[in-house]
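Student: I have a model open and I'd like to go through the labels on it. Can we check each one against its cut-off?

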Amino acid sequence: MKRLLFVCLGNICRSPAADGIAKALVDHRNLDWQIDSAGTGGWHVGDPPDPRMVEAAAARGIDLSPLRARQAIARDFSDFDHVYAMDRSNLSNLRALQPADAHASLDLFLGDAEVPDPYYGGKDGFDHVLDLISARMETLFDHLTAT
Ligand code: 4NP
């Protein structure tokens, strides 16, 4: 069993997309892994994902509508095994939250690149985010399954 947490700024665009894509892959691969997402910021706590991301994900058969935003907390580093930040700003905010004796690993989701924030852009930005996350999620799951 593995527990994965995906984190962005608002938990309404990028990390809900990662959450939904990961849960679909968990189902597809018959895994017993736990998946969740959170934001480093608290502005959107309790909100459903951005309707533009809900629509873009639905077009790929992924339902994000049940998700609700929450803020990342220090305990996430013991409740999860792996925490993945969508961009370097999220990563530095998470480092500030991370307890000294943290159990969870903390990494950029793309390893050495960022998932761009689509919030202020157009529809293409949301599709691009879904492309980036879908491709990386497959290789991440392959890697985690082998370790
Ligand atoms: P996310 O996108 O971090 O991918 O959920 C954003 C959502 C909201 C805001 C910024 C980014 N905001 O400033 O409210």
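Student: At what angle do helix 1 and helix 5 pack, and how far apart are their axes?

Tutor: This is a predicted model, so keep that in mind throughout. Helix 1 and helix 5 pack at about 45 degrees, with their axes 10 Å apart.

Student: What makes helix 1 oblique to helix 5?

Tutor: Roughly parallel needs an angle under 35 degrees, and roughly perpendicular runs from 65 to 115. The angle here is about 45 degrees, so helix 1 counts as oblique to helix 5. The crossing of helix 1 past helix 5 is right-handed. On the helix 1 side the contact includes Ala17, Ala18, Ile21 and Leu25, and on the helix 5 side Val129, Ile133, Met137 and Phe141 are among the residues involved.

Student: How do you know that the length of helix 5 agrees with its residue count?

Tutor: Helix 5 covers residues 123-146, which is 24 residues. At 1.5 Å a residue that should span 34 Å, and the end C-alpha atoms are 35 Å apart, so the two agree.

Student: Which residues of helix 5 are buried, and what do they pack against?

Tutor: The buried ones are Phe126, Asp127, Val129, Leu130, Ile133, Met137, Leu140, Phe141 and Leu144. They pack against strand 1, helix 1, strand 2, helix 2 and strand 3.

Student: Why is the Arg29 and Glu138 pair called a salt bridge?

Tutor: The cut-off is a side-chain nitrogen of Lys or Arg within 4 Å of a carboxyl oxygen of Asp or Glu. Arg29 and Glu138 come to 2.9 Å, N to O, and that makes the pair a salt bridge. Arg29 sits in the loop between helix 1 and strand 2 and Glu138 in helix 5, so the pair ties together parts 109 residues apart in sequence.

Student: What makes Arg29 and Glu138 partly exposed?

Tutor: Buried means under 20% relative accessible area and exposed means over 50%. Arg29 has 26%, so it is partly exposed. Glu138 has 38%, so that residue is partly exposed too.

Student: Which salt bridge does Arg29 make with Asp142, and where do the two lie?

Tutor: The side chains of Arg29 and Asp142 meet at 2.9 Å, N to O. Arg29 is in the loop between helix 1 and strand 2 and Asp142 is in helix 5, 113 residues apart. Asp142 has 43% relative accessibility, so it counts as partly exposed.

Student: How many salt bridges are there by this rule?

Tutor: Twelve. One of them joins Asp127 to Lys123, with the closest N and O atoms 2.6 Å apart. Both lie in helix 5, four residues apart, about one turn of the helix. Residues three or four places apart in an α-helix point the same way, because there are 3.6 residues a turn. Arg60, Lys123, Asp127 and Asp131 are linked in a network of salt bridges.

Student: Is Lys123 buried or exposed?

Tutor: Exposed means over 50%, and Lys123 has 57% relative accessibility, so it counts as exposed.

Student: What about phi at Asn11 and Asn30?

Tutor: Asn11 has a positive phi of about 55 degrees although it is not a glycine, and Asn30 has a positive phi of about 55 degrees as well. Asn11 lies in the loop between strand 1 and helix 1, and Asn30 in the loop between helix 1 and strand 2.

Student: Why is Asn11 called buried, and why is Asn30 called exposed?

Tutor: Asn11 has 2% relative accessibility, so it counts as buried. Asn30 has 71%, so it counts as exposed.

Methods
Residues are numbered from 1 along each chain as its sequence is written. This is a predicted model: local features need pLDDT of at least 70, side-chain atom pairs count only at pLDDT 80 or more; totals for chains, interfaces and linings use all residues. Side-chain values use heavy atoms; hydrogens and water are left out. The expected span of a helix is 1.5 Å times one less than its number of residues. Buried means under 20% relative accessible area, exposed over 50%, partly exposed in between (1.4 Å probe, protein chains only). Contact means heavy atoms within 4.5 Å. Axes are lines fitted to C-alpha atoms, for helices over the stretch in contact, and angles run from 0 to 180 degrees between N-to-C directions. Angles under 35 degrees count as roughly parallel, over 145 as roughly antiparallel, 65 to 115 as roughly perpendicular and the rest as oblique. A crossing is left-handed if the near helix is turned anticlockwise from the far one by less than a right angle, and right-handed if clockwise.
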